[in-house]
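Welcome! Please take a moment to look over the sequence and the 3D view, and then let us walk through them together.

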Amino acid sequence: MAFLPQERLVPLLTLLSDRMEVVAPILVEGVPVFASWSGQPLALKDNPLMPPQEFFLPQREVLFRYIQDCGSYSFEEAAGKARLIFGIRPCDLRALAVLDRIFGSDPMDQSYFDKRRSTVLVALNCNEPGENCFCDHLGFGPTCSEAVDLQLTEIDKGYLVESGSPAGILILKEHPEFFLETSQSHLLEKCEMLGQAREAMNSCIARSLPGIKEAIKKADWNALGRTCLNCGSCTFVCPVCHCFTIQDLGVPDGERMRCRDTCLLSGFSRMAGGANPRISQGDRMQNWYLDKFEYIPQRTGLLGCVGCGRCSRVCLAEMDRWSLEVKR
Amino acid sequence: MEKVHTTCIYCGCGCGLLLHVEDGRVVGASPSPLHPMSLGRLCIKGWLAGEFVDHPDRLRYPLIRRGDRLSRVTWEEALSLTAASLRAIAQELGPNSLGVLTSAKGTNEENYLLMKLARAGLKTNNVDHVARLCHAPTVAGLSYAFGSGAMTNPIASLAQATAILVVGSNTTEQHPLVASYILEARGKGARLVVADPRKTQLAGLADLRLAPRPGTDIAWINALLNVIIQENLIDQEFIDARTEGFDAVRQTVLGSTPEAAERISGIPAHDLAEAARIFGSAERAAVVYAAGITQHTTGTDNVQALANLVLATGNIGREGTGLYPLREHQNVQGACDMGALPDLYCGYQKVAQARQKFEQAWQTKLPDEPGLTALEMLALAEDGRLKGLFIVGENPMMSYPDSSQIKKALEALEFLVVCDIFPTETSELADVVLPAASFAEKEGTFTSTERRIQRIRRAVKAPGEARAEWEIISDLLHRMGVPADYASAAEIMEEIASLTPQYGGVHYDRLGACGLQWPCPSRDHPGTGILHAEKFSIGRARFRAVEHREPVEAADDEYPLILTTGRSLYHSHTGTMTRRTSLLDREVPLPAVEINPEDARLLGIRNGQPVMVETRRGSISLEARVTEDTPKGSIFVPFHFSEAPANVLTSQALDPVSKIPEFKVSAARIRRS
Amino acid sequence: MSEYIPRLAEIVDIDIESPNTYLISLKLLDNENFSYKPGQFVMVSVFGLGECPISITSSPTRKTLQLCIRRAGKITNGIVDCRVGDVLGIRGPYGNGFPLERMKKNIIIAGGGSGFATLRSLVNYIVDRRGAFGDVAVAYGARTRQDLYFMQEYKSWQQAGIDVGITVDIGDESWKGDVGLVTALIDKFRLSAGSAAICGPPVMINAVAKKLMDKGFDHSDIYVSMERHMKCGVGKCEHCMIGPYHACQDGPVFSYDKVKSVL
Ligand code: SF4
Ligand code: SF4
Ligand code: SF4
Ligand code: FES
C-alpha cells in the first residue's frame, strides 16, 4: 500500500510507457475511450462506453495465418504485446474474472490468455458512479472485488495505491521515488469515499438481483422482441458478452480471424440446413438474459452481468432493460 | 490501439462512430456518445462498418484494359490514358459526348470536385448521381413547396411529435436510428400511423396500419386531406399567414373522399378517416417517408401530396413537426448539395443563373447547355451519342433499373473509367479502373439526411496504391488544364464554403464530433436545426394540387403480380461492402422473393423453393420466402444481390419532373423453377 | 499452441453416398494418434472458406477416419469439391460422444435423414465389439431410396446379429422395403428396455423418444445427438448454447430429459 500524489501519476505512466504500451482513458474528439496513451490528458471522470475487454478479446483479431505451400499448409501465430491498462473500473475487472473462467475452462483459449498474461492491470475505484451503474446491487463494486495488479482510489491530493499481484508489487518496488507512505487516515478516507459512492448509486437507481430475476420470469418476450431493432449494441458494449465467430480472409494464403458476434442475430444460431433453435427475436432476448442471470452463474459461479449499465445506454428499443417492460 | 472519430457510411442517418485501429489495421468500431443524433448508439451495420476495409478483394492498383483482360499499370499511365481518351472524344464529338456519374457514397469534397471536373474540365453539364434513383422527387418536390429539398427538422425532433405518419419507409430496417426516435415518441404516447403495402416491423407497432395498393399514394393522402378539411382540422391561421395556393388543393381533394380513395387504394375508408383525425388533431405531427414514396413515376407528386398535408395542418417549422425524407446512402444529401446534378451547381444554384459566378471563381468558361440525367446519359450511350463516361463509386449494372439495358449502354461506350474500392459488375466493363481509398483511409465530409455536415477521418493507410478520390480527381482536373492544387480535403471545403451559401461557415476546424447542420452561412453561425421556423426561403410555402395517376405498369393477365424492390437491414446498396462483412452476410446470405401465403398456395410455391421471377424486361432465379408480411398480389425482391439482381426486372419508366425510375411498381409473374 | 490451429489431414478417398452427400476418408499428416469415441465430431477447415463441425462417421475400432458430408452451405460445398490428395484442417475430436460406459447392454439406434451419419460410427463400433452388447436394433429412415446412406453395410450389421429396419418417406418402384416413419419400424422390433441413441430432425427425435418411453425406456437412458451451429468447438463462442449447456462440450449427446424442453 502506498500513496501516489496526484501530480506524480502522469510521470509514472510516462516512465512505464517506455517499457510497454500504456492504455488509458483519453478523449478523442471529446469522447472518452480506452486507447494508447502517449501523454494526452487523462479522462478519468466517466468509464468509457466501450469496456477495455477488447484488449483481450478484440472485435477482430487474427487467430493465425495460414500459408499454403505445395498443397499443404503451415501456420503462424502473433505474440501478445506487453501492455498496461490504466483506469479499468471494478465492474470491468469483474467482467474479466468471468471471462477468465469461461476462456480458462478446458481446453484453455490460448489467444485470450496470451494477452491476459502480457497485460498489467491498474484499476481505478469509482468515487462517482455513472447514472446507469448498479454494480452494488449485484453485490460488489464500486471497489475492486478481484485481485488486480494495482488498484487506485482517488483520495485527497492523490491516490491510495494497493497492490494485488507480483506484477503490481514490482511497480511499487521499482519506482519508489513516486510513492509516499500511507497512513491509517488514507484508508479511512478510501472507505468513506466508497461508502458515499455506494449511497449515490443506490439513491439514483432502484435495481436488485431478485427484482431482475423476477422480471425475467414475468417478461413478455414476444412484445420485447417486437421492439428490438436487432442492432446488437447491448451485446457489443457488454464487458461480459463474448460471442464470436471465426472466419477466413484470403486464398491461398490468408488469416483465420476471430470476430465479435452477437447472439441477438438470427444467423447466430441458424444451422446450415436453415433450422433455427431460437427462431424469434423474443427467444433470443430471453436467452441473453437467462445466460447472464442463470447459465453463466451455473457454469462459472459468477453473474454474467456486472452492473455497468452500458446496455441501457445503447439500446434502440423503447424498453426498460431491467423491469423488462415495453414502454407502451 | 488508436481510436479515430468518423461517420458511418451505411445510411443517411449519419451516426457518429469511432474506428479502432491496431497495427495499422481497422479492428473494430464503436458508437460516439457525443454525436447529437446517434448519442452513442448504432445499428448493426454501423458496428461492423470497418470490417470490409481490409478485405482481400480490395482494388489495389490502377488497371487498364488490354484485350479482354485488365492489367496493372502505374497511376501515370492510367491517368494520362484517361485524360487523353476523354479529350479525344470531346474533340471529335463535342464535350456533351462525355458524362460523369458521381456517387452518393462519396464525400462532399469528391462530389464537388467531380462536378467541377465535368463542368470546368470536360465542359459539360452531364453530371448526375444515384439520388436520381431514390430522392430526386424530394429535391424537386420540396424545393417547389418549401424552397429547400432537405429534411425540415433534425431527426431527434421526431421524439417530440405527438403523431407520426410513416409512409413507404421500412424505417426499422433502413434507418434504424430514425426508428429509435419514432419508438421514443411512441413510448411517450405519440400515435403512430404506418402506411406500407408490406407489413413492416414498424407497421406491427403502429396504432393504425394502412396498406395501400402500390402506386396509389396520392389517392389516399388526398383523402386524408379531404377529411382534415371536412372536419376543420386545418390550421387556417398558418395557411393564411405563410402559404399560397391552398384553394386549388381544397378544390382538388373535394372529390377525394375516403370512399373514393378506398376504391383506388384498397384502404378501408374508416381507417383513412381515423388516420386523418389522428394526424389532423395532433398538436405536433410529423411525416417520415423514404423511397416507397419517391420511387414512382408520380414521385414528385407524391412528395407534394405529403407537403400539402403538412402545410394544411401547420405542421412545419416547429419542434416535433415537419417532413422527414430518409435518404438511403450516407451522402445523398451532400451529393445533391454539391451540385452533382445536371442543372445545379453546389448549393442548388441554377446553372442558368449562377454560371458567371462560377466562371469567375474557377477562372474558366463553363458550358451553358443543360446537362443530362444519369439514365438519359446511358440512353444516349446506347445510341452512340455519348462516348465517354467517368463513374466514381457507383455500380449502375446493379443499382440502375433494367440492367440489360444498362449493360448495352455501357458496352456501347468508347471509353469507360470506373473508380471504386472493390471490383464490381460495372468495373468489369471498364477500360480503366482506378483503385480508391475507403472511408477509413481518407479525409472528407458527409452530409447526413438531417443536413448535418460531418467529417470522416483517415484511420489507416489505403491498400496497395489506392488513393483518395479527391486526389485522383484533382490530378485529372490538373491534366484537363484546371488548376487544382489542393493540399488537403480541408482546402477543398474552403472552396466549397466560398461558393455555397448554405455551407458558408463550414470549416474543418469547426467540425468536431457534432458536425454542423446547414444552412450555416458564416463562421460564427451555429448551424440550423429546424428549417422554415420563421419564414420560408421562397417567402410563402406553395401548395400544389396533385391527383392520382395509375402506375405505368399495372398487373395484367400475363404478369399478374406487382413487384416492388427494396432493401434489407443487413445490407446496403449493391452489397459490395455489407456482403463482405461476415455477420451481415450470414444474416441474409441469399436473395429471396417474398410472396404472400395465399398467392404462394395458388401457384404451388413452398417456402424456400427455388423460383423464377419474370417481368417484361428479364428474369431472375432465387428462393421463395412465403410470408404474411407481403400483401396478396405483390411480391418483393431486395436488390443487394448480384446472383439475383432485382434490377434486371425493373423498368425505366420515369417521373416526368424528377426523372426517377419506377422501382416500386413492375408487373411480374413468378413460377417454380 | 493455440487450440484453434488445426491438424492437417489429406483426403485419401471420396465416395458418393447420395446425390448430395459424400463419404470422405482422411489421413492425418502428422501421423500422430487420433483417438475418438462414437458420437464425437471434428471441426473441418477448408482454408479460405472457413471451418464447420462434422460428426465422425467412422468407428474408432476401424483404421480410417471417415466423415460424411452433405452439401449444405459454403464450407461443406468447399469440402466435397475437394479432390483426393487435397489437404483439409481438422480440430478435435470434440464433444462427449455416446456414453458407452453408462449405456445399457440392449441398445436401439434410431436415425432420421443425414442425422444417421453420426450413428453409423456407433453401429460399427458395436459390430466390432459385439460381445460387449446385448440385443441391438437399428431403425433408419430417409426421404427416398436415393437418400439412404451406407446401403452396402446393412448386411454386415445383420450378420452381426443386429436387427436392421430401414424405411423411406416416399417409396418408388425400385424400393421394396418399408415406407413410413421410423417409429413404425420400432414397433416391429422385439425390444426389451435398454438404452437408445437417436439423431435426426427434432420432430423425429420426439416421436421416437415418446415411443420408447411408452415401451418402458427411461428418459435418462435415451441419448440424443443434437445438431447446433458451432464455431469454436471448445465452449467459448456460445453459438451452440442449449440452455446452460454447450452442445460442443457438454454434448452433442444429451440424455433426453435434459434437452426435451428445447426440442
Ligand atoms: S448486461 Fe448490461 S449492465 Fe450487465 S454487464 Fe452487460 S452491459 Fe453491463
Ligand atoms: S440494444 Fe436493444 S435494440 Fe439493440 S439488439 Fe439489444 S435489445 Fe435489441
Ligand atoms: S443507422 Fe445508418 S448511419 Fe447509423 S449505424 Fe446504422 S447504417 Fe450507420
Ligand atoms: S461451438 Fe463454440 S461454444 Fe460450442
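## Where chains A and B meet

Two residues are in contact when they have heavy atoms within 4.5 Å of each other. This is a predicted model, and in it 53 residues of chain B are in contact with 50 residues of chain A. The area buried between the two chains is about 4,100 Å². Carbon and sulfur atoms give 54% of that area.

## Charged and polar links

Salt bridges also join the two sides: the rule finds 8 of them across the interface of chain B and chain A. To see a salt bridge for yourself, look for the side chains of Asp54(B) and Arg60(A), which meet at 3.0 Å, N to O. For polar contacts, the count between chain B and chain A is 22 residue pairs.

Which elements of chain B give two or more residues to the side that touches chain A? They are strands E1 (2–7), E2 (16–22) and E3 (25–31), together with helices H1 (44–47), H6 (176–187), H7 (201–205) and H22 (582–587). H6(B) gives the most, with 8 residues. Sorted by class, this side of chain B has 25 nonpolar, 14 polar and 14 charged residues.

## A look at chain C

Now turn to chain C, which has 6 helices and 15 strands. Its C-alpha atoms fill a box of roughly 50 × 45 × 35 Å along the principal axes. A compact globule of 263 residues would have a radius of gyration near 18 Å, and chain C agrees with its 18 Å.

Buried residues make up 58% of the 263 residues in chain C. Among contacts in chain C between residues at least 6 apart in sequence, 68% join residues at least 24 apart.

Terms used. Residues are numbered from 1 along each chain as its sequence is written. Chains are lettered from A and ligands numbered from 1 in the order in which they are written. This is a predicted model: local features need pLDDT of at least 70, side-chain atom pairs count only at pLDDT 80 or more; totals for chains, interfaces and linings use all residues. Side-chain values use heavy atoms; hydrogens and water are left out. Buried area is the accessible area (1.4 Å probe) that two parts lose on being put together, summed over both. A salt bridge is a side-chain nitrogen of Lys or Arg within 4 Å of a carboxyl oxygen of Asp or Glu. A polar contact is a pair of N or O atoms within 3.5 Å; within protein, one must be able to donate a hydrogen and the other to accept it, and residues adjacent in sequence count only if both atoms are side-chain atoms. Helices (H or I, at least four residues) and strands (E, at least two) are DSSP runs, numbered from the N terminus. Ala, Val, Leu, Ile, Met, Phe, Trp, Tyr, Cys and Pro count as nonpolar, Asp, Glu, Lys and Arg as charged, and the others, Gly among them, as polar. The radius of gyration is taken over C-alpha atoms; the globule rule is 2.2 Å times the number of residues to the power 0.38. Buried means under 20% relative accessible area, exposed over 50%, partly exposed in between (1.4 Å probe, protein chains only).
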